[in-house]
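Please read the following briefing beside the sequence and the model. It is arranged by topic, with the criteria stated where they are used.

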Amino acid sequence: MKNFWRNIHLYLSLAAGIVIMIVCFTGATLVFEKELQMSIYPERYTVTPGEKRVDLDAAVATLKQKVKGASISSVKVYSDPERSLELTYSEEKKHAEGGEHQKMKEKKSPEKGDHKKEGGKKPEAGKGGGGSQAFFNPYTGELISLYTHRNSFFFTMFSLHRWLLAGDVGKLIVGISTSIFLFIILTGLILWWPKTKAKLKQHLTVKWAGWKRINHDLHIVIGFYTSIFLFAFAFTGLAWSFEWFNNGIYWVTGTENKRPEPPASIAAATAPVTMEQILAAAKQQVPNAVYYSINKPKDSIAAYAVTVMPLDPVHEKASDQYYFDQYTGKLLGTSLYTDRNLGQRVRGIFYPIHVGSIGGLPGRIIAFLSCIAGVTFPITGLILWINRLNKKKKKLKKSLKKEAASAIHLKRKDTATVANG
């Protein structure tokens, strides 16, 4: 029976091995993306605290002066006094090379940033990623850095991870390969399962004796220890590959993937309130938070939507939304994480599980190491298969030699018998 499962394990691995290696490698590079960005470009994210913060609308006006045609969609304010102010914007026009925007990019941000903003949505296959970002010193009003995350190394890794840089076709290939990976993990566990206690000990420890044995144990033993984590990462990853899987979450939980329509502002002849007033209104509702992300109204009747991340969130996607009238600043309604239905909460936890952040720093470390191990499994597995083939060839060759020697011996014996006749 094990030969059957071994063949299934082998052929599935041969079919999806290369894609699995790419997805695991890119996944490992993305686990600590935020931390790496802040380490490589500290000036982008960290400032020296001052006595008074500049007006948010002044920062918006500065950005519009620096980048002609810029359309600001949101402003993110961190409670941490050492964090910079983040503005997300899109450009309506392309500017000539050598302009102030281009110079600022080259001077301050050669790497050009993340593939996503914290707490934002990821782009779909082959599409844009939510615009560009500008970093301001919230005390001096200085524009620190501009970048477009679509041009970054991490966005390339993300695109490889999600759709192999091949749009919807690549997205489908990743989804199918991820599904196959789940079966590979399950068949691997079946093959790992020991028959005796002595075998159990062998399957739980790496024996450093000869490269073949080391290769065997790296595949079998490390595979067992990382299997549950890789299964969780692959399973949650299907939600981004297949719409039917995403919808299945709500079907299983008996809920709907539908959020209430955000409230609308009451049209008035007065000018809209400032973003600074909206920030003050949000802080009245939640005095202490990790950040406040203010999304500008899309039209004359839309409301300001402020995303607030509590100080002790359930996970990094457990944010709350507050809606304010754009003319009066009055609170119109809320969309709290605790008010979401079961399906929405289950779906919301998929990303923190997928990247390991559900377990904090230890969870991210486990995710990183598991993904690195996932890169090696197709290689060590292929070596195991080749070694088994060589072993079978040697056994067959030895058996044929033994049969040939036996045949020669019998022939000599028969010849001797005839001669003595």
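Rings of Phe, Tyr and Trp (its six-membered ring) pair if their centres lie within 6.5 Å, with planes under 30 degrees apart counted as stacked, over 60 as edge-to-face and the rest as tilted. This is a predicted model, in which local features need pLDDT of at least 70 and side-chain atom pairs count only at pLDDT 80 or more, while totals for chains, interfaces and linings use all residues. Residues are numbered from 1 along each chain as its sequence is written, and side-chain values use heavy atoms, with hydrogens and water left out.

**Aromatic contacts**
- F231, F235, F242, W244, F245 and F350 belong to one aromatic cluster.
- The whole structure holds 18 aromatic pairs; in one of them the ring centres of F158 and W163 are 5.7 Å apart with planes at 80°, so this pair is edge-to-face.
- Both F158 and W163 are buried, a term that means under 20% relative accessible area, whereas exposed means over 50% and partly exposed lies in between (1.4 Å probe, protein chains only).
- The F242 and W244 rings, with centres 5.4 Å apart and planes at 25°, are therefore a stacked pair; F242 counts as buried at 12% relative accessibility, but W244 is exposed at 57%.

**Charges over rings**
- The charged end of R347 sits over the ring of W240, 4.8 Å from its centre, where the criterion is NZ of Lys or CZ of Arg within 6 Å of the ring centre and within 35 degrees of the ring normal.
- K317 likewise places its charged end over the ring of Y351, at 4.6 Å from the centre.

**Strand pairing**
- Helices (H or I, at least four residues) and strands (E, at least two) are DSSP runs numbered from the N terminus, and two strands pair if DSSP finds at least two bridges between them.
- Strand 1 (residues 70-78) is largely enclosed by the rest of the structure, because 7 of its 9 residues are buried.
- Strand 1 runs antiparallel to strand 2 (residues 85-91), joined by 6 bridges, and S74 stands opposite T88.
- These two strands form a hairpin with 6 residues between them.
- Strand 1 also pairs with strand 5 (residues 289-295) in the antiparallel sense over 5 bridges, with Y78 opposite Y291.

**Helix 9**
- Helix 9 (residues 211-241) spans only 38 Å between its end C-alpha atoms, whereas a straight helix of 31 residues would span 45 Å, the expected span being 1.5 Å times one less than the number of residues.
- A kink of about 50° in helix 9 is centred on T226, the bend being the angle between axes fitted to the seven residues ending there and the seven starting there.
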